[in-house]
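Subject: Structure handover

Hello,

Here is the structure that I promised to pass on. Please look through it first, then read the notes below it.

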Amino acid sequence: MEYNIRKIKTKVSALCLTLGIVTSTLFSPITVFAGTSGNPATQLDGKLSTFHQGGANDCGAVSAIQALDNSKSGKKLLGKMITVNNNGSYTLNFGAGKQTVSETDVENAYIEGDLDARVIEAGLQKAMNVYNSCFACDVFTTMTGYKQKTYWSSAKTDIINTMASKCQSGEGITAACDFNIADPSKGIIGDGGHSYSIKSVKKDTVILINPWDTSVLISMSRSQFENSIRYMTYVDDAAKKVVVYWE
């Protein structure tokens, strides 16, 4: 019952937002930019606040959505990704092709919390042949339009060093991973059973975000990260490719 009430409130709030936007823009579509004030759970602001994955098996996609918030290029992409249309629908300006979703599509998104994240999820559900159980790299490809380049074990350290360099420069990384080796003390699931976004890679530490609750940071040593990962991926904007690593 509590879940249904929350859905109804979200729908009503989203409808009020849409009517306000339509009136103020004289029925012209607008792109959402960061800086709009209000409740991020009911209003688009072109950026991400706290959200939760929800009940579906879509951690790969949700971790990729959160990863946009961890780099300058990701935030820039996020700021121009959603257009609000005059009929109340939303257009997702994905690099792989535009997708339009209705208010009902957004209402039925699995993510709970931030409206931008829910709109993006609704668009990805339409854009991707496989959404549940997809990998973050496939979501990065959909969002950016970049092709993937896959690497194997010998490139692991070089890829981690590259991500660390991007973080040190202030550029940040749009990145995600999963693990072979579990660490229950940190909420890390093994055997590739769950995807996490990578907030930062430092000299000795890696910070992760679990899409179950994006307000919680997970810290592990860089050596633990390197020894326990199964898969990782990041967006290389300079080369216009999605880097994919498999153990």
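To start with one hairpin: S4 and S5 form it, with two residues between them. Strands, like helices, are DSSP runs numbered from the N terminus, with at least two residues (E) for a strand and at least four (H or I) for a helix.

Before the rest, two notes on the source. The model is predicted, so local features need pLDDT of at least 70 and side-chain atom pairs count only at pLDDT 80 or more, while totals for chains, interfaces and linings use all residues. Residues are numbered from 1 along each chain as its sequence is written, and side-chain values use heavy atoms, with hydrogens and water left out.

Strand S4 and its partners

S4 and S5 (residues 97–101) are antiparallel and share five bridges; two strands count as paired if DSSP finds at least two bridges between them. Thr-91 has Thr-100 of S5 as its bridge partner. S4 also runs antiparallel to S3, and three bridges join these two. Ile-82 is opposite Leu-92 of S4. The hairpin of S3 and S4 has five residues between the strands, and Gly-88 there has a positive phi near 90°.

How much of S4 is buried? Five of its five residues are, so the strand is largely enclosed by the rest of the structure. Here buried means under 20% relative accessible area, exposed means over 50%, and partly exposed is in between (1.4 Å probe, protein chains only). Tyr-90, Leu-92 and Phe-94 point one way from S4, whereas Thr-91 and Asn-93 point the other way.

The nonpolar cores

A nonpolar core is a set of buried Ala, Val, Leu, Ile, Met, Phe, Trp, Tyr and Cys residues joined through side-chain atoms within 4.5 Å. The largest one has 40 residues, and Met-81, Ile-120, Leu-124, Phe-140 and Met-143 have the most contacts inside it. Among the elements that each supply at least two residues of this core are H5 (115–127), H6 (136–144), S3 (82–84) and S4 (90–94). H5 gives the largest share, six residues. Another core, apart from this one, has 24 residues, including Ile-160, Ile-173, Tyr-234 and Val-243.

Phe-140 and Thr-144

Leaving out residues up to four places away in sequence, Phe-140 touches several others, including Ala-64, Thr-174, Tyr-234 and Val-242; contact means heavy atoms within 4.5 Å. Thr-144 lies in H6 and is buried at 17% relative accessibility. A polar atom of its side chain is 2.7 Å from the backbone oxygen of Phe-140. The side chain of Thr-144 also reaches the backbone nitrogen of Tyr-146 at 3.0 Å.

Val-206

Val-206 is in S10 (residues 205–209) and is buried, at 0% relative accessibility. Met-220 is 14 residues from Val-206 along the chain, yet their C-alpha atoms are separated by 5.5 Å.

Cysteines

How many disulfides are there? The count is zero, where a disulfide is a pair of cysteine sulfur atoms within 2.5 Å. For Cys-134, the nearest cysteine sulfur is that of Cys-59, 8.3 Å away. The sulfur of Cys-137 has its closest cysteine sulfur in Cys-134, at 8.5 Å, which is too far for a bond. Cys-134 is buried, with a relative accessible area of 7%, and Cys-137 is buried at 4%.

Regards

Terms used: Polar contact = N/O pair within 3.5 Å; in protein donor to acceptor, adjacent residues only side chain to side chain.
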